[in-house]
Amino acid sequence: MTTSSAPGKIILFGEHAVVYGRPALAVPVAQVHADVEILASDLTGIWIHAPGVNLHAELNTLPFDHPIASVIRNFFFLARRSSFPNGRGARGEGKSPNLQINITSSIPVASGLGSGAAVTVALVRALSSHLNHPMTDEDINSFAYDIEKLHHGRPSGIDNTVVAYAKPVYFVKGQPIEVFKVGKPLTIVIGDTGISAPTKESVADVRKLWEADNTKWESMFDKVGEIAKHAREEIEIGDWRLLGELMNRNHALLQEMTVSSPELDTLVEAARKAGAVGAKLSGGGRGGNMIALAEAEKADDISFALISAGAKNTIVARIS
Ligand code: PMV
């Protein structure tokens, strides 16, 4: 049996502007994860069990664009081309391996916590190890980016990068990955609006704004980029006060980009009232999650305030 796990993630600073080449900061969230188990099977074919999404099926019965099936098919396509041992096709060429793949995940779907990237990374890591050809983080990251492009249009690549490396990442699209240090552990309370909002749509809406007034939005993205750079320094030093202020400023700019929502604003406000050092939406926006920077002893109060203000769920994440 081969097992593998990949964490969820949150974007601390710089979402949306990152699509336009500005830096963004993202960190793994180990409290939630996708887990994959692969076993040799007596049944013919590749059987996938993902009870969380009610999936129990043989690979060949799944549609071409099925998110999990497309990861496995692309993996075997790559395995054939790279001549992995036992990497014969999931369809076609040679005898396919008979496998049972079990997938579980505690990461909420379509809420900005990187659930798709985590399933892809855990799946590819487990499959490549099972075929005695473990892939490097770099190769897994590039594979996961190709998968993200299939489903999300023009992603920056930040999700797959932070999930594949499972480290805090200072991310600039198209540049080599930079890991950053966390000077003093951060306590982040994540509040889920319970509204699933496709990132593809908010990214497309921001693009329309940018197309209509290039100059205005380029300067907006510059401001976000400066905030992300400054935030990295404060995280490395461990100065939370300023960091909270930067979060608030980043949220205001995301509101101007039209990617917040009444529900997100309510939760952000509730967190601040309950004593958060700063708060903002995280990820694509319009729904999904917001994050609040907290002093460790205030995390439970903030969590409670978020639930009282309508959050469907909260996670207290320690980032170090
Ligand atoms: O919604 P998430 O967490 O997958 O984050 C998307 C981040 C964006 O900057 C909005 C899009 C991107 O591709 O970077």
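Domain 1 covers 2-171 and domain 2 covers 182-319. These bounds come from an automatic or database domain assignment. The C-alpha centres of the two domains lie 26 Å apart.

Some ground rules apply. The model is predicted, so local features need pLDDT of at least 70 and side-chain atom pairs count only at pLDDT 80 or more, while totals for chains, interfaces and linings use all residues. Residues are numbered from 1 along each chain as its sequence is written, and side-chain values use heavy atoms, with hydrogens and water left out.

Domain 1 and domain 2 bury about 2,900 Å² between them. Buried area is the accessible area (1.4 Å probe) that two parts lose on being put together, summed over both. Carbon and sulfur atoms carry 67% of it. On the domain 1 side, Phe 13, His 16 and Tyr 20 lose the most area to domain 2. Together they give 26% of what that side buries.

Polar links cross the interface too. Nine residue pairs are in polar contact between the domains, both residues at pLDDT 80 or more. A polar contact is a pair of N or O atoms within 3.5 Å; within protein, one must be able to donate a hydrogen and the other to accept it, and residues adjacent in sequence count only if both atoms are side-chain atoms. Helices (H or I, at least four residues) and strands (E, at least two) are DSSP runs, numbered from the N terminus.

**Salt bridges**

Side chains of opposite charge can pair when their charged atoms come close. Here a salt bridge is a side-chain nitrogen of Lys or Arg within 4 Å of a carboxyl oxygen of Asp or Glu. The count comes to 14. Three salt bridges cross the interface of domain 1 and domain 2. Asp 222 pairs with Arg 22, with the closest N and O atoms 2.9 Å apart. Lys 280 and Glu 15 also meet, at 2.9 Å from N to O. Lys 280 is in strand E9 (residues 278-282), and Glu 15 is in the loop between E1 and E2, 265 residues apart.
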